[in-house]
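Here is a short briefing to read alongside the model. Have a look at the aromatic side chains as you go.

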Amino acid sequence: MKPALMAFALMLVATAMAQTAVETPSWVTPLPVAKVSVASGRPAKVQLRFKIANGYHINSNQPGSELLIPTKLQLNPPTDIGVGSIRYPKGRSLTLAVAPDQPLNVYTGEFTIAAKVSAMRTASPGKYKVHGQLKYQACNDRSCFPPKLAPVEFEVSVLKPKASQGTAHNPPQSPHAHK
């Protein structure tokens, strides 16, 4: 590891330790989630949007150094709802004066994390709440702050199964039944 990055990482740790006794503000705000509806057994996409306070950035989910804390979304769905792949956006490259040769991969402004949700075939029609949290570390151009958790919550509506199209379904027959 390069000396400038090591010095920056040590500064981050010292800053975080000094601030643990003081309540820190929330730098990331979850934005409202659009309505999510799923049919039993079929996945749907949910877009989770977040806004970062002006003048701050957070490490992306792949910040570019093992010393930096990545952003991570954890979702805890109810029993009949499943969460599939979580897709993080690409971060943007940011170079700070304390480590000009070591660009960081960060999120700024607003960003969106996509996830797939589905309802088990046994799920009853209705509304289900999915809870979770976004773990992140916020920084400005001078220092980083202790990691924080932003609560996440959205509702998934499980739709009633569609009725048959009115025609009886004939079971498959053996090709040897008629000669």
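A search of the whole structure, which is a predicted model, turns up five aromatic pairs. Rings of Phe, Tyr and Trp (its six-membered ring) count as a pair if their centres lie within 6.5 Å; planes under 30 degrees apart are stacked, over 60 edge-to-face and the rest tilted.

**Aromatic pairs**
- Phe50 and Phe111 are stacked, because their ring centres are 5.3 Å apart and their planes lie at 25°.
- This pair links distant parts of the chain, with Phe50 in strand 3 (residues 43-52) and Phe111 in strand 9 (residues 110-119), 61 residues apart.
- Tyr107 and Phe111 also form a stacked pair, with centres 4.6 Å apart and planes at 15°.
- Phe50 and Phe111 are both buried, meaning under 20% relative accessible area (1.4 Å probe, protein chains only).
- Tyr107 is buried as well.
- Trp27, Tyr56 and Phe145 are joined by ring pairs into a cluster.

- An open sheet of four strands runs in the order 7-8-4-11 with antiparallel pairing, where pairing needs at least two DSSP bridges between two strands.
- Its edge strands are strand 7 (92-96) and strand 11 (138-139).
- Arg92 has Val106 in strand 8 as its bridge partner.

**Reading the model**
- Residues are numbered from 1 along each chain as its sequence is written.
- Local features need pLDDT of at least 70 and side-chain atom pairs 80 or more, while totals for chains, interfaces and linings use all residues, and side-chain values use heavy atoms, leaving out hydrogens and water.

Note on methods: Helices (H or I, at least four residues) and strands (E, at least two) are DSSP runs, numbered from the N terminus. Buried means under 20% relative accessible area, exposed over 50%, partly exposed in between (1.4 Å probe, protein chains only).
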